[in-house]
Amino acid sequence: MKPWIKRTLFGLFGVSLLVGGLTACGHRHGYGANATPEQAAEFRGKMVERVSSKLDLDAAQKQKLTVLGDKLHEQRLAMMGASKDPRADIKALVAGDKFDKTRAQALVTEKTAAVTGKSPEVIAALADFYDSLNPAQQQKVREFMDKRGRWYNRG
């Protein structure tokens, strides 16, 4: 496999892990769809501090991680779109006696456009952050991914 394909796949996998972690953790702590911008910023700050301490990041690396967190947050907001209750949107598809295929396709198209539109920025921010890590820090990231652990769990 070509190196740029490996790097892209690694980056996308890392982003999906990070987005999933931020989403899951954000929901658990009340920083989900109803979070104020201040709450969301506070949560991202805590995440940056936690990851920074695990990887022993310097100030420049920490700034790049902050940019990555901001880009991921922007993508998450774009994915949510105008909806404040995504679960209600899904429930509406099956509310009648027939599945609303048209609305389902519109939702998929909306979410796909959000991912496609914001992904170049997220990938660039992730690459900028990852490339700024030294080999030992990169190894810690790979080990974290191998263990499928969480750096943001309680404590």
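In which helix is Gln-75 found? Gln-75 is found in helix α3, and at 8% relative accessibility it counts as buried, where buried means under 20% relative accessible area, exposed over 50% and partly exposed in between, with a 1.4 Å probe and protein chains only. The model is predicted, so that local features need pLDDT of at least 70 and side-chain atom pairs count only at pLDDT 80 or more, whereas totals for chains, interfaces and linings use all residues. Residues are numbered from 1 along each chain as its sequence is written, and side-chain values use heavy atoms, with hydrogens and water left out.

The chain has 6 helices and 0 strands, and along the sequence it follows the pattern α-α-α-α-α-α; here helices (H or I, at least four residues) and strands (E, at least two) are DSSP runs, numbered from the N terminus. Of the 155 residues of the chain, 29% count as buried.

The buried residues of α3 are Gln-61, Leu-65, Leu-68, Gly-69, Leu-72, Gln-75, Arg-76 and Met-80. They cover an arc of only 135 degrees around the axis, which puts them on the same side of α3, the arc being that of the directions from the helix axis to the C-beta atoms.

The next step is the pairing of α3 with α5. The axes of α3 (residues 59-80) and α5 (residues 101-132) come within 9 Å and cross at roughly 175 degrees, and the two helices are therefore roughly antiparallel to each other. Axes are lines fitted to C-alpha atoms, for helices over the stretch in contact, with angles running from 0 to 180 degrees between N-to-C directions; angles under 35 degrees count as roughly parallel, over 145 as roughly antiparallel, 65 to 115 as roughly perpendicular and the rest as oblique. By class, the contact of α3 with α5 has 13 nonpolar, 4 polar and 8 charged residues; Ala, Val, Leu, Ile, Met, Phe, Trp, Tyr, Cys and Pro count as nonpolar, Asp, Glu, Lys and Arg as charged, and the others, Gly among them, as polar.

Gln-75 and Ala-114 are 39 residues apart in sequence and 7.0 Å apart in space, C-alpha to C-alpha. Ser-119, which lies in helix α5, counts as buried at 16% relative accessibility, and its C-alpha atom is separated by 9.0 Å from that of Lys-71, 48 residues away along the chain.

Of the 16 residues in the largest nonpolar core, Leu-55, Leu-57, Leu-65, Leu-68, Phe-129, Leu-133 and Val-141 touch the most other members; such a core is a set of buried Ala, Val, Leu, Ile, Met, Phe, Trp, Tyr and Cys residues joined through side-chain atoms within 4.5 Å. The elements that give two or more residues to this core are α2 (37-55), α3, α5 and α6 (135-147), and the largest share, 5 residues, comes from α5.

In α6, Gln-137, Gln-138, Val-141, Phe-144 and Met-145 are buried. They cover an arc of only 115 degrees around the axis, which puts them on the same side of α6, while Pro-135, Asp-146 and Lys-147 are exposed on the other side.

Finally, Asp-56 is found in the loop between α2 and α3, and it has a positive phi of about 55 degrees although it is not a glycine. Asp-56 is exposed, with a relative accessible area of 55%.
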